[in-house]
Amino acid sequence: MRKLSVILPFVTFLSPVSAFAGGEGDNSNSLPEQIQYKDYNFIHNVEDGSLNPVSIIDIPVSQLAILNAGYRWQQGDYHNIDASGHSDGFGVDVYGIKRLERISFEGSVEYFNETDRQKCWNSTLYQSKLNPFVLADSEPSDYDTERFRVSGRVAYRLSSKFVVGVNTVYNVGVMSDEKDPRLETKGMRFVLNPGVSWEMIKGYTLGLTGGLNLFSESSKYTCVATAVNYPFYLMSGLGTYFPQSNSSYTRDAKGTSWFAGGDMRMKFSDSMEDYLQVTYSHEFESAKDGGSTYQFKGGDYINNVMRVSNRFSITGEGMAHNVSLRAETNDVKGKWFDQKSVTVNGSTHYEVMSSSIKHKQTLTSFGGDYRLDLLDKAGVPTLTVGIGAGYLSSDTKNYPELYFSKYSLLDVTAGVMKHFRVRNVRLGVGVNGGYVGKLSSSYDFTGLELEKEYTMPMFAYLSSSAYSVNGRVQASIPVGSFIVGAYVDGGTTHCLDAEEVYKGKNMNRVNCGVSLTF
């Protein structure tokens, strides 16, 4: 964590504070454009959401500062075995945009505080979700989590042909509970990626980006009742684990991942564009247990990821069409180390006898979306309609026992959002829904000790069929030189199978918040 004392000031420089420092930018955006800045930037910038930081050089909303505060709540029995069935939390954040003649800034600072009730089986904060090597205990407890995030990107136009940029994201958090065995996890992730784009010929622009994703996390279990030993599970995929028992336990995890990508923007006319992105990343994480007392290797995680996405956009007077396609493959390998304890002069340590691939997972997904926007004269959406569909396939094997799980899912989504004005109040009302259907599933957990307690509930959740329904109402009103906003949204997800695992089959959620734009 100390290494970030040098990096953090640089990240802060790219935050919204710097986005409004100096220079005369174009501040001609209308009130609806500022209220619906996310929609406006999406429709009028085909590169919106790109990994390449140069994508903000011509960001449509030229200047914006918005302060948000919100609360979210969810409760239900339909959740993964290592997640909470009842959680709530509040957050605040500030987000800013500033576009000058040759340089553009975008940044945010966020804080979130959350309580997860009766949670167990997972001690991680920022560890990869596909990493099978999780330190866990089976005692349900209430966890308090604080997260802080600073992100910023800047793009600079060197010439009419070349643009350079850099993106940084810094996440830090702490999670703890007050019931033996008492866990405290501190973690961070830091991402840095520069980027460049070159307009080869008029309307055709090639972009390149690449960077590092640094990860560090420390988990420490302690007990007030030191005479009691608790079991700790060093998970290694599909519910297999290496047992440890003590009144305390520590784990230190770290990772260094890299990624590289290319993109191509093709502008066929003023109203028709296409944007293609291809990204490859190599993820690596490792864990060591015992702190300074002894060193026990908790497993190495390797994942090779390939992502491809494409967006085709047609924007004309009064209407915008966007078709997005995406595909991703994950090739996960988990290396386990066979170790033996050795005691020398009363001091115990572990020696590695051999290593092998214990866990393999192939995760493949692809899908597409279509979005139609009806626009007013300023190009701001008054009605948005969207539909989408996707496919996911997972194939996991665990050695040497050859436990396995396979499943495939199909999902469809649809939504509509209407924006209108009542006097000087800008209102938005929307509904959306989705369905996830299981196409196939198979497994073999025969002889697995944690089959009923852990493995089967997790598999049942990941491979289950469900539908969800959500609604949202929002309002914004100008007050002097400010815009005051408020929103409330909520919904429910209902499980259509896996009755033998869940007491109930729903997960309900409500979010609400206020904002101040200036």
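Which residues lie nearest the centre of the largest pocket? They are Glu-47, Asp-58, Arg-265, Lys-267 and Glu-273, and the pocket is lined by 32 residues. Before I continue, please note that this is a predicted model, in which local features need pLDDT of at least 70 and side-chain atom pairs count only at pLDDT 80 or more, while totals for chains, interfaces and linings use all residues. Residues are numbered from 1 along each chain as its sequence is written, and side-chain values use heavy atoms, with hydrogens and water left out.

Let me stay with the pocket. A pocket is an open set of points on a 1 Å grid over the protein atoms alone, with protein on both sides within 12 Å along at least five of seven lines; lining residues have an atom within 4 Å of a point. The space in the largest pocket is about 670 Å³, where a volume is the space filled by probe spheres set on grid points joined across faces, edges and corners. At least two lining residues each come from α4 (37-44), β6, β7, β8, β11, β12 (272-289) and β13 (296-316). These labels are DSSP runs numbered from the N terminus: helices are H or I with at least four residues, strands E with at least two. By residue type, the lining holds 8 nonpolar, 12 polar and 12 charged residues. Here Ala, Val, Leu, Ile, Met, Phe, Trp, Tyr, Cys and Pro count as nonpolar, Asp, Glu, Lys and Arg as charged, and the others, Gly among them, as polar.

A cavity is a set of points where a 1.4 Å probe fits but cannot get out. Two or more of the lining residues come from each of β8 (204-222) and β11 (249-267), and β8 gives the largest share, with 3 residues. In this lining, 4 residues are nonpolar, 5 polar and 2 charged.

On the surface, there is a nonpolar patch with about 750 Å² of accessible area together, and Tyr-156, Trp-198 and Leu-208 are among its residues. Strands β7 and β8 give two or more residues to the patch, and β7 gives the most, with 4. Buried means under 20%, exposed over 50%, and partly exposed in between, with a 1.4 Å probe and protein chains only.

Finally, the backbone. Most residues other than glycine have a negative phi, and most peptide bonds are trans. Where are the cis bonds that I wish to show? One runs from Asp-180 to Pro-181, with omega near -5 degrees, and Pro-181 sits in the loop between β6 (162-177) and β7 (182-201). Another runs from Tyr-399 to Pro-400, with omega near 0 degrees; Pro-400 is in the loop between β16 (381-398) and β17 (403-422).

Trp-121 has a positive phi of about 75 degrees and lies in the loop between β3 (103-119) and β4 (135-136). Arg-423 also has a positive phi, of about 60 degrees, in the loop between β17 and β18 (425-444). Trp-121 is buried, at 3% relative accessibility, whereas Arg-423 is exposed, at 79%.

Conventions
Patches are made of residues with over 30% relative accessible area and no salt bridge: like charges are joined within 9 Å, nonpolar side chains (Val, Leu, Ile, Met, Phe, Trp, Tyr) within 5 Å. Accessible areas come from the Shrake-Rupley method with a 1.4 Å probe; for residues, only the protein chains shown count as cover. A salt bridge is a side-chain nitrogen of Lys or Arg within 4 Å of a carboxyl oxygen of Asp or Glu.
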